[in-house]
Amino acid sequence: MQAWQVHENGEPSEVMRLQDVERPTPGEGRLLLKVRAANINFPDVLMCRGHYQVRPPLPFTPGVEICGETEDGRRVIANPSLPYGGFAEYAVADAAAVLPAPDALDDAEAAALHIGYQTGWFGLHRRARLEAGETLLVHAAAGGVGSAAVQLGKAAGATVIGVVGGADKVTVARELGCDVVVDRRAEDVVAAVKEATGGRGADVIYDPVGGDAYTQSAKLVAFEGRIVVVGFASGTIPSPALNHALVKNYSILGLHWGLYNTKNPKLVQHCHEQLTELAARGAVKPLVSERVPLSGAAAAVQRVGDGVTTGRVAVVPSLQNGAAA
């Protein structure tokens, strides 16, 4: 079979190599899955660079989120067990952790209704306890993680403010359902959000960016508000001033979704049921901006790493070389 492999750490476009390799043999409790679509996530970029908290042994195949097909024909979504990741024709996954792919979504959309949406659901509902009528601010609202939070926030009855970088992403954020969109490249984020909220700020702030975005969050969080720290796509990990949290009575909430798979897997199943229901009634639908063939995976992972994509980019092995949608 064909699979992308990383033999040394570096930029994805430089270290990912498409090779002919032996089809993996699943061990006890594992399943061999034919990859129908593999969604690109920022952790794939970080793993190529050697900057992620999980460091699979070299060589490895990246791709942490797929829609796959079991040997008996079931369509499922899964997080592949590294080093046999999803940017390949076949991947391996923990049999106990695979979930049924929602019928309402195609393969690429189903692959994307997992890490980003699970993270959003846990962040907004489990950690921040978002309530209908509250104001939610989402950084990087047109990206893969942010777009999921926008849709989930709207489905929960919140007023959603999206912060994006660039006019093209403003359009995407509006189409996703943001009530207010702020272009950080053309506007003062703090001033614009304060104006939109009458000076009050946001009840919940969803931050997958860190760096300057977190600095803005601390200035914009409302009294008794909650900042959900999801990741650091900016590359800069902030150092919060805890005296500031005390003075403004707000909470800083960390979220590492992957821990729930071992700490409380029943919650992951419950979340998937909730997401499947939302997808069935059209309340959420992953924004898949590109579908690329297997041969285009390295370039696509690099684009995600460079921050120039919107929504999700999916690798679809059945597409012919050079095809994209």
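**Close-up views of a predicted model**

**View 1. The salt bridge between Asp 179 and Lys 154.** Asp 179 forms a salt bridge with Lys 154, and their closest N and O atoms are 3.0 Å apart. A salt bridge here is a side-chain nitrogen of Lys or Arg within 4 Å of a carboxyl oxygen of Asp or Glu. The pair links distant parts of the chain, 25 residues apart: Asp 179 is in the loop between helix H6 (167-176) and strand E10 (180-183), and Lys 154 is in helix H5 (residues 144-155). Helices (H or I, at least four residues) and strands (E, at least two) are DSSP runs, numbered from the N terminus. Asp 179 is partly exposed, with a relative accessible area of 38%, and Lys 154 is also partly exposed, at 32%. Buried means under 20% relative accessible area, exposed over 50%, and partly exposed in between (1.4 Å probe, protein chains only). This is a predicted model, in which local features need pLDDT of at least 70, side-chain atom pairs count only at pLDDT 80 or more, and totals for chains, interfaces and linings use all residues. Residues are numbered from 1 along each chain as its sequence is written, and side-chain values use heavy atoms, with hydrogens and water left out.

**View 2. The salt bridge between Arg 291 and Asp 106.** The closest N and O atoms of Arg 291 and Asp 106 are 2.8 Å apart, and the two residues form a salt bridge. Arg 291 lies in strand E14 (residues 288-292) and Asp 106 in the loop between strand E7 (99-100) and H3, so the pair ties together parts that are 185 residues apart in sequence. Arg 291 counts as buried because its relative accessibility is 19%. Asp 106 is partly exposed, with a relative accessible area of 33%.

**View 3. The salt bridge between Arg 303 and Glu 290.** Arg 303 forms a salt bridge with Glu 290, with 2.7 Å between the closest N and O atoms. Since Arg 303 lies in helix H12 (residues 297-306) and Glu 290 in strand E14, the pair ties together parts that are 13 residues apart in sequence. Arg 303 is partly exposed, with a relative accessible area of 27%, and Glu 290 is partly exposed at 24%. Elsewhere, salt bridges that share partners join Arg 36, Glu 69, Arg 75 and Asp 107 into one network. The count of salt bridges comes to 11.

**View 4. The surroundings of His 114.** His 114 sits in the loop between helix H3 (107-112) and helix H4 (115-127). Its relative accessibility is 2%, so His 114 counts as buried. Not counting residues up to four places away in sequence, His 114 touches Glu 65, Ile 77, Ala 78, Asn 79, Leu 99, Thr 119 and Trp 257; contact means heavy atoms within 4.5 Å. From His 114 to Phe 223 the separation is 109 residues in sequence and 32 Å in space, C-alpha to C-alpha.

**View 5. The protein chain around these sites.** The protein chain has 12 helices and 15 strands. Of its 325 residues, 54% count as buried. Among contacts in the protein chain between residues at least 6 apart in sequence, 66% join residues at least 24 apart. The C-alpha atoms fill a box of roughly 60 × 40 × 35 Å, taken along the principal axes.
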